[in-house]
Amino acid sequence: MSILECVLVGPMTKGIRILARVIQWRVDECRRNLGVLMKELENLEANRNALDSELVREQQVALDDPNEAGVLYGNYVEHAVNRRDIIDENIRAKEEEVEIAAEELKVNYRELKKYEVVRDRRLQREQAEEAQRDQIELD
């Protein structure tokens, strides 16, 4: 028997509300986690763009003074390309983390909606039963 089935047995209790709150907390936690991961991804992409801009500037410096800067430019480019490869790998890994976190958020959100629908139906049913009892007392 699932948790949902256990909660559906008997009169309206705090059980459904508590479970809905717990799942809402998980949804909120997933949202926060996803936000952090997306910010980290954004920072990695900004680092990649900054490195690309730096490469262009250094290339121009090497072209302007090939005797002095040109000698060092080869080592710089090799190091910069290695840095770029590392950043690109980190970006790919972070994108995978973002996808996983987004999927977890979807799963938890769907579960939350199930509990909310059950809670709302249960409340409507209890209100209808209460109204029927009141009507019987009036008759």
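**Salt bridges, an aromatic pair and a nonpolar core**

Arg-133 and Glu-130 are joined by a salt bridge, with their closest N and O atoms 2.7 Å apart. A salt bridge here is a side-chain nitrogen of Lys or Arg within 4 Å of a carboxyl oxygen of Asp or Glu. The model is predicted: local features need pLDDT of at least 70 and side-chain atom pairs count only at pLDDT 80 or more, while totals for chains, interfaces and linings use all residues. Residues are numbered from 1 along each chain as its sequence is written, and side-chain values use heavy atoms, with hydrogens and water left out.

Both Arg-133 and Glu-130 belong to helix 3, where they stand 3 residues apart, about one turn of the helix. Helices (H or I, at least four residues) and strands (E, at least two) are DSSP runs, numbered from the N terminus. Arg-133 counts as partly exposed at 43% relative accessibility, and Glu-130 is partly exposed with a relative accessible area of 37%. In these terms, buried means under 20% relative accessible area, exposed over 50%, and partly exposed in between, with a 1.4 Å probe and protein chains only. Elsewhere, salt bridges that share partners link Arg-48, Asp-52, Arg-84 and Asp-88 into one network.

Across the whole structure, the search finds 16 salt bridges. Side chains of opposite charge can pair when their charged atoms come close. One of the bridges connects Glu-89 with Arg-92, whose closest N and O atoms are 3.0 Å apart. These two residues are 3 residues apart in helix 3 (residues 69–138), and so are separated by about one helical turn. Glu-89 is partly exposed, with a relative accessible area of 43%; Arg-92 is partly exposed, also with a value of 43%. A further salt bridge brings together the side chains of Arg-119 and Asp-120, at 3.4 Å from N to O. Arg-119 is partly exposed at 25% relative accessible area, and Asp-120 is partly exposed at 37%.

The structure also holds 1 aromatic pair. The ring centres of Tyr-73 and Tyr-76 are 6.3 Å apart and the planes meet at 35 degrees, so the pair is tilted. Rings of Phe, Tyr and Trp (its six-membered ring) pair if their centres lie within 6.5 Å; planes under 30 degrees apart count as stacked, over 60 as edge-to-face and the rest as tilted. Tyr-73 and Tyr-76 both lie in helix 3, 3 residues apart, about one turn of the helix. Tyr-73 counts as partly exposed at 22% relative accessibility, whereas Tyr-76 is buried at 17% relative accessible area.

The largest nonpolar core has 19 residues, of which Ile-23, Val-27, Leu-34, Ala-80, Ile-91, Val-98 and Leu-105 touch the most other members. Helix 2 (14–64) and helix 3 each supply at least two residues of this core, and the largest share, 10 residues, comes from helix 2. A nonpolar core is a set of buried Ala, Val, Leu, Ile, Met, Phe, Trp, Tyr and Cys residues joined through side-chain atoms within 4.5 Å. Leaving aside residues up to four places away in sequence, Val-27 touches Leu-105, Asn-108, Tyr-109 and Leu-112, where contact means heavy atoms within 4.5 Å.

Helix 2 also contains Glu-42, which is partly exposed with a relative accessible area of 45%. Glu-42 and Val-56 are 14 residues apart in sequence and 21 Å apart in space, C-alpha to C-alpha.
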